[in-house]
Amino acid sequence: MSFSFDIKHAESDSRARVGTISTPHGQIQTPAFIPVGTKATVKSVLPEAMADLGAQALLANAYHLYLQPGADILDEAGGLGEFMNWPGPTITDSGGFQVLSLGVGFKKVLAMDAKTFRRDDVIADNKERLAHVDDEGVTFKSHLDGSMHRFTPEVSMQVQHQIGADIIFAFDECTTLHNTRPYQELAMDRTYAWAMRCLDEHKRLTDERSAKPYQALFGVIQGAQYEDLRKKAASDLGSMQSSGQSFDGFGIGGALDKGALGTIVSWVNQILPESKPKHLLGIGAPEDLFVGVENGIDTFDCVLASRIARTSAVYTMEGRFNLSNSGFKRDFTAIDDECDCYTCTHYTRAYMHHVFRGKEIISATLATIHNERFIVRLVDQMRQALLDGNFKDMKADFLGRYKHRSGQASD
Ligand SMILES: [Zn+2]
């Protein structure tokens, strides 16, 4: 088995730590931000440029790759990394989030306000319900061509083994903050049963495909905003064993009320085995990354950095702004004069403003390179600050400046 996690340094007054995840395709120095290439590409950016900007691994999505081009194609190609020309470590998330998002018709189920309303039949206006959950799995309609599909824990494991990423996730029922407490309990019971089935199928596939590089399986902790449910999930999955197999690491997922992020992560990390890596699913706003690291998160992924880049929004040390605003027409400075990325060392805000206004394809490439570098480097700087013993100062300095300019730093 070639997967391991070594902790090099742990803070005494918080859960923050520095470590190394080793996979068959290389190492990830943690804490680390993992850029997202949903469909086996970080939109508009070459893999070489992702490596140059410091990305240590890339995360793709099993649901999207299953629908197109099909997991069997990736298997034939030699796996995700080979297929997309990325030699480093790769990760896939199980597709549970995407499949279940179809169920409520909301793109953004995370970080919604828990207080607005709670109904299990909630569905976005004018949206057809595209997914139905039962105890065995989820039946859903493809967003591409309307064809019907079914994901069970076994199918998710088979799909993720064919895709072949170094780290894969158990199939879970991802609820929203809109669901009622009784529904959250039901979903937790299902996620527990599905986690067990994922371990069994993962073991079977690992044996059957023993010539392939080892894939590490992470369990996913659900439980929404409820302390008892989160802690129960952490306790159940943290100690779960089946077919002689336990989880190699854990993902913390599901409905996360932004204001309670640190509290929720701290509940589960008190209980999950300290020696295993923890991944925070879908969180990547700068201020949230600090909260995650302090509470023991080792890796993060989020599409935000690249998604907002394509709309001309960029992160800087002074906050976030839009390059298409007319104020940048004659601004011949870099996007961020402290940034060392390819874009900031070769182009001005005036040029970026010009390519965004002209809808030039290169606008997405250059802005994505900057935003990904900004977030990857920010987490790298946290890692270094932890090693140097000045994490708190680094955090205070960053957040003081970042919020000062942006007013509201959250997305
Ligand atoms: Zn830059």
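Which residues is Asn-269 in contact with, leaving aside its neighbours within four places in sequence? The answer is in point 2.

1. Basis. This is a predicted model, in which local features need pLDDT of at least 70, side-chain atom pairs count only at pLDDT 80 or more, and totals for chains, interfaces and linings use all residues. Residues are numbered from 1 along each chain as its sequence is written, and side-chain values use heavy atoms, with hydrogens and water left out.

2. Asn-269. Neighbours within four places aside, Asn-269 is in contact with Arg-15, Ile-252, Lys-278, Asn-295, Gly-296 and Ile-297; contact means heavy atoms within 4.5 Å. Asn-269 belongs to helix α9 (residues 261-269). Helices (H or I, at least four residues) and strands (E, at least two) are DSSP runs, numbered from the N terminus. The relative accessible area of Asn-269 is 5%, and the residue is buried. Here buried means under 20% relative accessible area, exposed means over 50%, and partly exposed is in between, with a 1.4 Å probe and protein chains only. A polar atom of the Asn-269 side chain lies 3.5 Å from the backbone oxygen of Gly-296.

3. Asn-61. Strand β5 (residues 58-61) holds Asn-61, which is buried at 2% relative accessibility. The Asn-61 side chain reaches the backbone nitrogen of Tyr-63 at 3.0 Å. A polar contact is a pair of N or O atoms within 3.5 Å; within protein, one must be able to donate a hydrogen and the other to accept it, and residues adjacent in sequence count only if both atoms are side-chain atoms. Not counting residues up to four places away in sequence, Asn-61 touches Thr-38, Asp-93, Gly-95 and Gln-98.

4. Zinc site. Cys-339 (SG), Cys-341 (SG), Cys-344 (SG) and His-370 (ND1) coordinate the zinc ion at 2.1 to 2.3 Å. Donors are N, O and S atoms within 2.8 Å of the metal (3.2 Å for Na, K and Ca); water is not among the atoms, so sites may look incomplete. Along the chain the donors are spaced C-x1-C-x2-C-x25-H. The site is tetrahedral, with angles of 95 to 121° among the four donor atoms; four donors count as tetrahedral if all angles lie between 85 and 135 degrees. Cys-339 is buried, with a relative accessible area of 8%, and Cys-344 counts as buried at 10%.

5. Nonpolar cores. A nonpolar core is a set of buried Ala, Val, Leu, Ile, Met, Phe, Trp, Tyr and Cys residues joined through side-chain atoms within 4.5 Å. The largest has 103 residues, and those with the most contacts inside it are Leu-80, Phe-247 and Leu-280. Helix α14 (residues 362-388) supplies the largest share of this core, 11 residues. Another core, of 17 residues, lies apart from it and has Val-36, Phe-169, Tyr-214 and Ala-216 among its members. Leaving aside neighbours within four places in sequence, the contacts of Phe-247 include Ala-170, Leu-199, Phe-218, Met-240 and Lys-276.

6. Cysteines. The structure holds zero disulfides, a disulfide being a pair of cysteine sulfur atoms within 2.5 Å. Cys-198 is in no disulfide, and the nearest cysteine sulfur, that of Cys-174, is 14 Å away. Cys-198 is buried, with a relative accessible area of 0%.

7. Helix α6 and its end. In helix α6 (residues 153-163), the buried residues include Pro-153, Met-157, Gln-160 and His-161. Just after α6, Gly-164 takes a positive phi of about 80°. The C-alpha atoms of Gly-164 and Asn-325 are separated by 43 Å, with the two residues 161 apart along the chain. Asn-325 is found in the loop between β16 (319-322) and α12 (342-346) and is partly exposed at 42% relative accessibility.

8. Cis peptide bonds. A cis peptide bond joins Thr-30 and Pro-31, with omega about 0°. Pro-31 lies in the loop between β3 (26-30) and β4 (32-35). The peptide bond from Gln-68 to Pro-69 is also cis, with omega near 10°. Pro-69 sits in the loop between α2 (62-67) and α3 (71-77).

9. Ala-40 is not a glycine but has a positive phi of about 65°. Ala-40 lies in the loop between β4 and α1 (47-52) and counts as buried at 13% relative accessibility. Ser-44, not a glycine, has a positive phi of about 80°. The loop between β4 and α1 holds Ser-44, which counts as partly exposed at 32% relative accessibility.

How values were computed:
Four donors count as tetrahedral if all angles lie between 85 and 135 degrees; four count as square planar and six as octahedral if opposite donors are over 155 degrees apart and all others between 65 and 115; anything else is irregular.
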